[in-house]
Amino acid sequence: MGSELAIQRVEVHQFQWEHENLGYAYNGFNWVYMPGSKVIRTDYLLQIFTDQGIVGEFVGGGTADYAQMATWVYYLLGRNPLQRELIYNDVKRALRKQDRLSMGPVDIALWDIAGKRYNAPVWELLGGWRKTLPAYASTYHGDENGGLDSPEAFADFAVQCQQMGYRAFKIHGWGNGPIEHEVANVLEVRKRVGDKMDLMLDPACEYNTFADALKVGRACDEANFFWYEDPFKDGGISFYAQRKLRQLIKTPILMGEHVRTLEPKVDMVVAEATDYLRVNPTYDLGITGAMKAAHAAEGFGIDVELHGCGPAQRHCMAAIRNTNYYELGLVHPKTISHSGPIYADTFSDNLDSIDANGCVPVPDGPGLGVAYNQEFILAHRTGHQIYQR
Ligand SMILES: [Mg+2]
């Protein structure tokens, strides 16, 4: 295999792009369909250069983790990028007073290096389970602008997705009430798609009260929903409240998107606060962290569900038995998906990225197996950090 690899330099290219026909919802945060408006997206391309010419890459992230990298990325210089477990444990400890969100992108890029080093796709290094991934259409939040603006509009879109081949559909509703509107949405979408499609609901922690979460949960029971995710303003982190909700409804609960890293996720399962466990390689300390959580869930006999979409999610899902769906989104009948023009090859997370069976493929090239659109990224660059000796 040759001599030991060493990390020589790390570069981070921050870039911005305009996402057309999107604006902010009533709360100032949710992106919703808004014709003629636009939101500014800020992402970055992370590149980890080794002394033997192999470069590990990641695209995504946010401004907070871009800034956090400056506090520790020098640690990587001179290290063997294949010692992911050592790096995971060192940095996890070093960042114990922070949210550790910058660890995920770095670990993902290290897996990209490993795959390129061994000339194998990451899913194969992780232990392959499948090569096609059943996807659900994960919608933008409900709007009031002629898009997903009524239960009928959500139901029309669900039927459209069903006809395209999707086997599952997830609603991100309105969140600003009245709660009867959310209940009507759940019932209308089920009525229109029949019983052959799995349906999920993700209020993204917007409902004001536990009572509202319970009301909508009971509608999910009536409509036989597949899961109910982060319903109310506990922020998705109260083990007590989620356990209480589980005792009062039948629909499986999916929690953990906002419970960061392996140990508290395991505590959440032990507290019986969730039915399925949410995991995201970007948030949960990388592919390394996500796979630890997936295997911990396997030990409990429960399923993990990967949050968000992208190459890392696909490689993880391809190597996990105990999981059900790939989150493809955010999607909408009238505007493009939110991953934007960052890929230079055939990889995409758009509404029409599925095959006739509602599945997406797993990249098969070395590493993460994707090529990023560096021309676009560099043309839109707003920040640049170089870490080297
Ligand atoms: Mg969610």
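Q: What share of the contacts in the protein chain between residues at least 6 apart in sequence join residues at least 24 apart?
A: In this predicted model, the share is 72%.

Q: Why does the radius of gyration of the protein chain agree with that of a compact globule?
A: For 389 residues, a compact globule would have a value near 21 Å, and the protein chain has 21 Å, so the two agree. Along its principal axes, the C-alpha trace spans about 60 × 45 × 40 Å.

Q: What makes up the protein chain in terms of helices and strands, and into which domains is the chain divided?
A: The chain has twelve helices and 13 strands. Domain 1 takes in 7-119 + 368-388, and domain 2 takes in 125-361. These bounds come from an automatic or database domain assignment. The C-alpha centres of domain 1 and domain 2 lie 24 Å apart.

Q: How many residues of domain 1 are in contact with domain 2?
A: On the side of domain 1 there are 38 such residues, and they meet 35 residues of domain 2. Elements giving two or more residues to this side of domain 1 are strand 1 (7-24), strand 2 (31-50), strand 3 (55-60), helix 2 (84-94) and helix 3 (103-118). Helix 3 gives the most, with ten residues. By class, the side of domain 1 that touches domain 2 has 24 nonpolar, seven polar and seven charged residues.

Q: Which residues does Cys-316 touch, not counting residues up to four places away in sequence?
A: Cys-316 touches Pro-281, Ile-287, Ala-290, Met-291, Ala-294 and Leu-306.

Q: Why is helix 11 called mostly covered?
A: A residue is buried if 20 or more other C-beta atoms lie within 10 Å of its own. In helix 11 (residues 311-318), eight of its eight residues are buried, and the helix is accordingly described as mostly covered. The buried residues are Pro-311, Ala-312, Gln-313, Arg-314, His-315, Cys-316, Met-317 and Ala-318.

Q: What percentage of the residues in the protein chain is buried?
A: Buried residues account for 50% of the 389 residues.

Technical notes: Residues are numbered from 1 along each chain as its sequence is written. This is a predicted model: local features need pLDDT of at least 70, side-chain atom pairs count only at pLDDT 80 or more; totals for chains, interfaces and linings use all residues. Two residues are in contact if their C-beta atoms, placed from the backbone, lie within 7 Å. Helices (H or I, at least four residues) and strands (E, at least two) are DSSP runs, numbered from the N terminus. Ala, Val, Leu, Ile, Met, Phe, Trp, Tyr, Cys and Pro count as nonpolar, Asp, Glu, Lys and Arg as charged, and the others, Gly among them, as polar. The radius of gyration is taken over C-alpha atoms; the globule rule is 2.2 Å times the number of residues to the power 0.38. A residue is buried if 20 or more other C-beta atoms lie within 10 Å of its own, exposed if 12 or fewer, and partly exposed in between; C-beta atoms are placed from the backbone.
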